[in-house]
Amino acid sequence: MEKVLEILEELRPDVDFENEDSLVDGGVLDSFDIVALVGELNDEFDIEIKPSDLVPANFNSAKAINALVEKLMDE
Amino acid sequence: MYTSVLDWLDARACDHADKKAYICGDTAVTFKEIADITKSIGTYLAGKVTPEKPVVCMSSRHPYTPAYFLSVVRAGCSYAPIDSTMPVARLKQMLDVADADCMLVDRASYDKASTLGFEGEIIVAEDVLDTPVDEAALSAARAGLTELSPLYIIFTSGSTGKPKGVMTSHHSLMCYIDAVSEVLNVTEDDVFGGQAPLDYIAAVRDIYFPLKAGASTVIIPKSEFAIPTELFNTLNRNKVTALCWSVAGIEVPAKLNAFSECKPEYLKKVCFSGAVMSSKLLRIWQDALPDTMFVNQYGPTESTASCTYYVVADKVEEDTVLPIGRPYKHYSVMLLNEDNTPVAPGETGEICVKGPCLALGYYRNPEKTAESFMQNPLNDRYRELIYKTGDLGSFNADGELMFHGRKDRQIKHMGHRIELEEIEGAAKRVDGVRTCCSLYQTEKELLYLFYSGDATPKEITLFFRAQMPAFMVPRKIVKLDELPALPNGKTDMNALKAYFK
């Protein structure tokens, strides 16, 4: 979780990732943020985030993003 | 011969009255409805506006917004669209440049509009939708319009730190739309998928193809671009046949590997512009959509959105460099040396444009206008203006124009053009920034800011987020004790590039 938070905070230092739970639905992260984030997560954790993983539920909070990363690492 | 875009609108309100022109989700507006809306709001505006001043429009991303723009035109004025999601400080700068008497907003944008210190009248479009039409007032407003009347003012980044307002006439816009319609063979059967923000130059295609041809535009919600499966579902549900997107927008689904699970089923033509397209990502589109036509477009806002085009002939390879092609109808392009002489065949020079698509100039900025729009130095016989783009190009053996970057420090990032000086100007306003330099790492599409001083990177980001549009916020902020300097005291930008990750 710490590493995910670190990536998020470097990407968007202006966002309170510990508490924000509407990152995508609330328009906090735009498509360019998502592209950058997916690239960094794929590289850092050696995973492959697929288009079907790209749903708001998986990206609306740091917790959800971390859960997705953990799930993909287990696969 | 048409005088204004109102001629297009009124023709479509007759021959395609009940057809949906603009669509977003479950909301849509027909050509007849647009004509009615523009007449009512236009009547309300007619007595309050002067033709030389724009009406600033701040309205959200929905099908009525283009109708509000056209309402301003109905009142005999130009519209200056601004995006309510931009920071207040940026919007205030635009209002300063616009110097307008009226602002037309949708209800959702009213609260934001009322915080901008605007001294004129703020009109909520929904409140004046039912204004009884005064045909005499509208006729009088229309009688004042000629082809050369300004249609819109679009704001772009300015190196002095203030946005520039590029003002374009009805004639220029109609010439451009006519030219692109021919290349893309736009018909009433086309459904466009609109990506560009409605206040941005690229949106003129999505707004005016329907008016010209009786086509439709689906205005795609911004959030869907982050979720490629939703995006493609929207394209398929609406049977979208054509896209005119920024390169940055086209690249997103390819970068997110979206085609591995689904694809747009009805797309016949894809046109992209605004930056150099990555061949690798274009190939992903081409492989997924082998029967689709891809068109590379080039051109600045000052020459009405684009001036040259290249229909991609074959599947591209990773090292393919796409030409920016040939001038559209109504455009002519030439290459000049620094001393305003023509370049030798095959050599690189500044791309200069002439023809009826040149903008009227920068609104309320005669100095800057005179600098960029000048008498053709190769013609001393009669008045003929050219626009100096600041872009470098050369003609290849086939007579196609190739693009070679910028003369100055302007960059293209996330579909928008940015003057790096403007980033630096903003950074210098942050307390605790002593010196700074902004650079762009093209390969990774990262906007860097290097600085010295006591401020923290986080403070700088927060300042930018509060002052500037999102695409102008540096992604990488690097603090140094001192910026490396050249012997003449200027910042050594090449040395700074060593810090790129």
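## A three-stranded sheet in chain B

In this predicted model, chain B holds an open sheet of three strands in the order β24-β25-β26, with mixed pairing. Strands are DSSP runs of E with at least two residues, and helices are runs of H or I with at least four, numbered from the N terminus. Two strands pair if DSSP finds at least two bridges between them. β24 (435-441) and β26 (476-479) of chain B are the edge strands with a single partner each, so one side of each has no neighbour in the sheet.

β24(B) and β25 (residues 446-452) of chain B are joined in the antiparallel sense by seven bridges. Tyr440(B) has Leu447(B) in β25(B) as its bridge partner. Helix α13 (residues 420-427) of chain B packs on the sheet and touches β24 and β25 of chain B.

## Where chains A and B meet

Contact means C-beta atoms, placed from the backbone, within 7 Å. By this rule, 17 residues of chain A are in contact with 21 residues of chain B. Helix α2 (residues 31-45) of chain A gives the most to the chain A side, with five residues.

## A helix pair in chain B

Val5(B), Trp8(B), Leu9(B) and Arg12(B) in α1(B) meet Tyr208(B), Leu211(B) and Lys212(B) in α8(B).

## Basis

Residues are numbered from 1 along each chain as its sequence is written, while chains are lettered from A and ligands numbered from 1 in the order in which they are written. The model is predicted: local features need pLDDT of at least 70, side-chain atom pairs count only at pLDDT 80 or more, and totals for chains, interfaces and linings use all residues.

Conventions: Two residues are in contact if their C-beta atoms, placed from the backbone, lie within 7 Å. Axes are lines fitted to C-alpha atoms, for helices over the stretch in contact, and angles run from 0 to 180 degrees between N-to-C directions.
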